[in-house]
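Dear colleague,

Please find below the structure for your records. A summary of the findings follows it.

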Amino acid sequence: MQSKYDFKVIESKWQQYWEEHGFYKVTEEPDRPKYYDLEMFPYPSGNLHMGHVRNYAIGDVVARFKSMNGFNVLHPMGWDAFGLPAENAAIKNGIHPAIWTYANIENMKRQLKTMGISYDWDRELATCKPDYYKFTQWMFLKLYEHGLAYKKKSAVNWCPSCQTVLANEQVVNGSCERCEAVVEKKQLEQWFFKITDYAQRLLDDLDMLPGWPEKVKIMQRNWIGRSEGCQFDMRIKGRDEVIPVFTTRADTVFGVTYMVMAPEHPLVEEISHNTPQAEAVQEFVAKMKLLSEIARTSTESEKEGVFTGAYAINPMNGEEVPIWIANYVLMDYGTGAIMAVPAHDQRDFDFARKYNLPIRVVIKGEDTPLNGAELTEAYVGGGIMVNSGDFDGNSVESGIAAVITYMEENGIGQGSINYRLRDWLISRQRYWGAPIPIIYCQDCGMVAVPEKDLPVLLPEDVEFKPSGESPLNYVSSFYKTTCPNCGNPAHRETDTMDTFVCSSWYFDRFCSPQESEQPFDKAAADYWMPVDQYIGGVEHAILHLMYARFFTKFLYDIKWLSCQEPFTNLLTQGMVLKDGSKMSKSKGNVVSPEDIINTYGADTARLFILFASPPERDLEWSDAGVEGAYRFLNRVWRLVLDYADLPQSQDGEAAELDEAARQLRFKTHATIKKVTDDIEGRFNFNTAISAIMELSNMLGAYRDNPNPQPVVFREALESMLLLLSPFSPHIAEELWQLTGHTDSITLMSWPQYDESALMQDEIEMVIQINGKVRDRITVPSTSDEETLRQLCMQTGRVSDQLQGKTIHKVIVVPGKLINIVAR
RNA sequence: GCGGAUGUGGCGGAAUUGGCAGACGCACCAGACUUAGGAUCUGGCGGCUAACACCGUGGGGGUUCGAGUCCCUUCAUCCGCACCA
């Protein structure tokens, strides 16, 4: 016998077998329970990395496990194939993004296939293919039709050195991730999706997702950032305009001593015009414009501002207060202007102290001074309203309600809710994305491309240069078109869509990826959706998962989907680390999955990565650990080959089991139970694998038994292979065949444990004295408490320990321990 | 600053409901087989001990017959958000 099993031969043999027999192809079967198991599809960067391996290994265990448990499992894979790296490669190396992308997909698919994952490759999709992005454009049209896609002027990240717009993700600490130039803000006409219309539902429905990690839900809640308060108008002294403000602290409205507008506020220029402040205001506004978003809004940067020369009137008490502009007020939250209450808001307090603005206390807490000058910091706690006219005496809570009611009754303002969530900017001035299907006609204005004209195809012959504009601007065959309304000359929108748009509905497409007339077949989606288990990195906790939820709700509203949430259960896997930090080229600590699979095989790679750590946690890569996994599979190999010629299992029980056989049978069924619970209940694959190792260890020990009982042994061996098969499917298939089976192990049912095998006649119990383990006794499992009390006193060690002590109490935990409390 | 997570042998980790701390694996040590071993098998392996005992889950305190697990407090590391009115 060879000392090492030949994984190369075995793995390619079974991969070929599965493929030839169409093992993982699925169709809707209304009579069977479905299970949609999905891993986040990758960006085709060119090579699989360990994070992918971990992601897909986890997903494959789930798929194979569910399949063996009778579910009709949909387990597809595809490519998030639009995106910047392809275009950057084009700029740098002169390779067309499409060629680069498809070559990468080819290579990654090849690598993925060597992993032996149970994908239905017939459903493979790539978001950059016209048959896919046709429907990404369809999604845009539907949103546009329902008023949820709109265009507005907006500040975007602009890299002055690359001469291009950057996505938020490409801005690292205020600088361009590629050239490290400081990113500026630039005003551009941009397309947005009105995700804010769904803010409340996106927030509320998080409660319908018990299968999501609490961490992710909290992050989404914070991101949506709902806050309740009220909005009211401040009149400007001597002018007709009013400035609306939003506050969560209506109870402090009598403490307003100034107000602040964002420097970008549209009224700033108006109100400072013709005042002595005009010049200072213009200077300050100009200065702010030059700053990056980070430099402008960071908590670290000092608060700065200037007086506008204008005054506002507090509608509650008629007081005039100066209007300032300052860096700490943001144009895109609330109304872009605030009432400032320095006594009860730390930011206002800091600002007031710096510019010597008055501070008036209107909430009296315990031991807080009533004189603003004595405050050392803003008082933000609870207390009683003071200096607030008729409202004095109210608590913070009742005061907020009372002030809002008063405002509503007197037409001053009203209760209002604000969200931190912003609309989703989907425009990209890039080539390698789905073109936004809009046409501009001189006569008709903005016209949506009719559905029948989709897809708006990306032209192939394009010149790539970093110009700050979409390369599509320079392709006249694309740019120039005719108006679908009037037929006059018109031009196309040249922005393409953010790739997050493409990934917001791909899980729907997987249900029926061949559809050419519609994005997906409703019946198929009704059968498969929602995704039962979604698995991927936590880095997508907010953006991708929020956008996908938004799309799902929208598709539900327009009656294309019947589920309101796309992902019932979410597993966020940890990172794969090497030497304590993330694998990266710059650190030189990258371990290549392809090398590992070549050296040890896919079964070993999968087994190690699942064994080393539970899935949610970060995983420290260990070459020695991989060796260990490989050794284990070789032990299993030898163990099975040693006994491959055992007789087939017989019906019914073996006549009489000796003690060793009973123990082995107990272990077999205990392992089935443990592995099942670990996979199903909590995805703890590491402990599931360790349980299989224990069973294999016991089988190894049993080989020395002079009187082995073949039926029990065979049951143990076969159970071990079945339990191992979702983790390391190739070796399990091969050994299953070698033990005389003709059907693939993939088609077998998951083993069921026999409750009666888990019954033990005798159990070991721990005896504690005052909580410390002093002895153990083996007793019949049926012993009653009284018997146990007596038995435990009789052991030598216990009676020694009890010398000279009085027993106060004896606690019996059935099946576990006896604790004698003695003093 | 706010929010979240984690902290257990030399290492990765286990202990699921308050009940034997350290399963399983790695590394290491000893032995067997062997011309040989970086293969395989057997045994050992938290600290301190000759042994008994004692100590031990980041630190301190508490609840309990009993705490890695619950409560209070504190430290460290990591992640997310960050002037959100």
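In this predicted model, Asp-251 and Arg-249 form a salt bridge, with their closest N and O atoms 3.0 Å apart. Asp-251 is buried, at 0% relative accessibility, and Arg-249 is likewise classed as buried, with a relative accessible area of 18%. A salt bridge also joins the side chains of Asp-120 and Arg-123, at 3.0 Å from N to O. Here Asp-120 is buried at a relative accessible area of 3%, and Arg-123 is buried at 7%.

The side chains of Arg-776 and Glu-764 meet in a salt bridge of 3.8 Å, N to O. This pair links distant parts of the chain, with Arg-776 in strand β30 (residues 772-780) and Glu-764 in strand β29 (residues 762-769). Arg-776 is partly exposed, with a relative accessible area of 48%, and Glu-764 is partly exposed at 49% relative accessibility. The whole structure holds 44 salt bridges.

Turning to the RNA, 58 residues surround RNA strand B, and Arg-776 is among the closest, together with Lys-303, Arg-347, Lys-674 and Asn-819. Of the atoms of RNA strand B that come within 4 Å of the protein, 63% belong to sugar and phosphate. Asn-327 places a polar side-chain atom 3.5 Å from a base nitrogen of RNA strand B.

With kind regards

How values were computed:
Residues are numbered from 1 along each chain as its sequence is written. Chains are lettered from A and ligands numbered from 1 in the order in which they are written. This is a predicted model: local features need pLDDT of at least 70, side-chain atom pairs count only at pLDDT 80 or more; totals for chains, interfaces and linings use all residues. Side-chain values use heavy atoms; hydrogens and water are left out. A residue is near a molecule or strand if one of its heavy atoms lies within 4 Å of it. A polar contact is a pair of N or O atoms within 3.5 Å; within protein, one must be able to donate a hydrogen and the other to accept it, and residues adjacent in sequence count only if both atoms are side-chain atoms. A salt bridge is a side-chain nitrogen of Lys or Arg within 4 Å of a carboxyl oxygen of Asp or Glu. Buried means under 20% relative accessible area, exposed over 50%, partly exposed in between (1.4 Å probe, protein chains only). Helices (H or I, at least four residues) and strands (E, at least two) are DSSP runs, numbered from the N terminus.
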